[in-house]
Amino acid sequence: SLYLMSQEWPNLPASEWYMHRSSKEIHKESEDYINYWINRTVRLGQIEFDSPRYLYYFITPLILLSEYAKDILMKKKCVMMLEYLLVDYASQYLNGNFCGAHSRVGNDAAFDTRNAEAASYGEYFFEDSLKHILPDIAFAAISSFKLPPIIREIANNRREPYSQHEIKRSRDALRYSTALNSSVYKYTFMTKNYSLGSIQGGLVQPIQQRSWSLTINSPQKNNIIFGLHPYVSEKELGMFFPEEPSFMLEKIDAVKSGYTSENKWVGGSPYESICQWKNQIECSYKIPINVQYQHVDIFLPGWGKYLSVDSLGKKLIRIQYDSCVVTIVPKTVFTLIKENDNFRLRLSLDSGKTSYFLACDHVDGFNDFDDEKTFCGKVDLPEGDRKEDWLFLSKYLESKNGSGILKIKHGTDERILDFTSTTIR
């Protein structure tokens, strides 16, 4: 806003601005800030990443800048960033759903990301109709920005399963950390029937983090399975917000409803560790005795068909959701709690620890996953490469960490966003 307004009134003195700086000073500072954000995002990974709630906070300003910036270079970079963020979204898009792990998701979309703000952009750019209309979509509708067909193809081609590695970044830490932010390693396995995605666990974003999710491609509402430890701490708030930590904990529920509840639906935990290999995931927890809540929850949509539940013997739960069968193996005692139209699977701790294994497969290809204890540690990266090497790596996207270059691929088509020279090839 400041960039465009100082462009509109370029010669105002400092006395005419509430910031008490001239138009030229404000314009230069705004330009520097935008360039700084772009450079860090395309080279090191995005903060506030892949959020069904907050994606529009990036898309809307970029649309306005790409449409109205008079500087040709700024206009070009903002068009490239629109493509960059939208192809990232497209690679995790499944018939209206925003799949995988998220930096934050609101309570209204905790069970169904088709209810979130980003859904309107998915429908507008990737689909032929728009059902989820929100005011911000008007900026996209009146702009001259056109999504390249290759990105739309990526959003809708789910004929073959694929894995995607990504690097994102945690929110800037203001306290309790020696590093400003840390790398977040994100992994998504996508099929036409479901998508399973996760980060490595830990606390990377306050209050509304989604560490892993399994999204079922179904017309049924509430189509997401996810789990969390309901961590509540003034240290979490103090790490990411500047106010006095104890004061924030007292007042937080007034602005972020449910944060202090043991029954909350969103949030990260420093005591969580996640390991995923394609359609299988294992989540482990080691929770100190002085931590407020001593349990872990898994959330299950209520419309599934329960094939088996055994809390004493094999500790195995098997549920069919449309054409998908989900297997959950809790490693400690659990209870199944009815919650509105859904279920909450609550695991107790054993000496401060618990874990669970989860797998999903198409009903025709279902197996017993006998190797559930050995899949962790497997990688599907090129030989000699590490997850630290790739900002994006999948059949559709390639970007080396630190390069500032994103290669977009679909079949024989290719598009390259080169932020080092600000060109599209």
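**Overall build**

I counted nine helices and 22 strands in the protein chain. Helices (H or I, at least four residues) and strands (E, at least two) are DSSP runs, numbered from the N terminus. The radius of gyration is 22 Å, close to the 22 Å from the globule rule for 425 residues, so the chain is as compact as a globular protein of that length. That radius is taken over C-alpha atoms, and the rule is 2.2 Å times the number of residues to the power 0.38.

This is a predicted model: local features need pLDDT of at least 70, side-chain atom pairs count only at pLDDT 80 or more, and totals for chains, interfaces and linings use all residues. Residues are numbered from 1 along each chain as its sequence is written, and side-chain values use heavy atoms, with hydrogens and water left out.

I then checked burial. Of the 425 residues, 56% count as buried. Buried means under 20% relative accessible area, exposed over 50%, partly exposed in between (1.4 Å probe, protein chains only). Among contacts (heavy atoms within 4.5 Å) between residues at least 6 apart in sequence, 64% join residues at least 24 apart.

**Cores**

Next I looked up the nonpolar cores. Such a core is a set of buried Ala, Val, Leu, Ile, Met, Phe, Trp, Tyr and Cys residues joined through side-chain atoms within 4.5 Å. The largest has 51 residues, and Tyr-84 and Phe-126 touch the most other members. Helix H4 (residues 72–90) gives this core its largest share, 11 residues.

I listed the contacts of Tyr-84, leaving aside neighbours within four places in sequence. They are Thr-41, Val-42, Leu-391, Phe-392, Leu-406, Leu-417 and Phe-419. Another core, of 31 residues, lies apart; Tyr-187, Val-291, Leu-345 and Leu-349 are among them.

How many residues of H5 are buried? Eight of its nine are, so I noted H5 as mostly covered. They include Tyr-121, Glu-123, Phe-125 and Phe-126. Their cover includes helix H3 (55–68), H4, strand E1, strand E2 (97–98), helix H6 (137–142) and H7.

In helix H7 (residues 149–156) I found Ile-150, Ile-151, Ile-154 and Ala-155 buried. Seen down the axis, these residues fall within an arc of 140°, so they line one face of H7. The arc is that of the directions from the helix axis to the C-beta atoms. Their cover includes H4, strand E1 (93–94), helix H5 (118–126), strand E20 (405–410) and strand E21 (413–418).

**A seven-stranded sheet**

I traced an open sheet of seven strands, in the order E6-E9-E10-E17-E14-E13-E12, with antiparallel pairing. Strands E6 (201–202) and E12 (305–310) are at the edges with a single partner strand each, so one side of each has no neighbour in the sheet. Two strands pair if DSSP finds at least two bridges between them. E12 and strand E13 (residues 316–321) pair over five bridges. Tyr-306 has Ile-319 in E13 as its bridge partner.

**Positive phi**

Most residues other than glycine have a negative phi. I looked up two with positive values.

- Asn-222 has a phi of about 55°. Asn-222 lies in the loop between strand E7 (212–216) and strand E8 (224–228). Asn-222 is buried, at 16% relative accessible area.
- Lys-278 has a phi near 50°. Lys-278 sits in the loop between strand E9 (269–277) and strand E10 (280–286). Lys-278 is partly exposed, at 31%.
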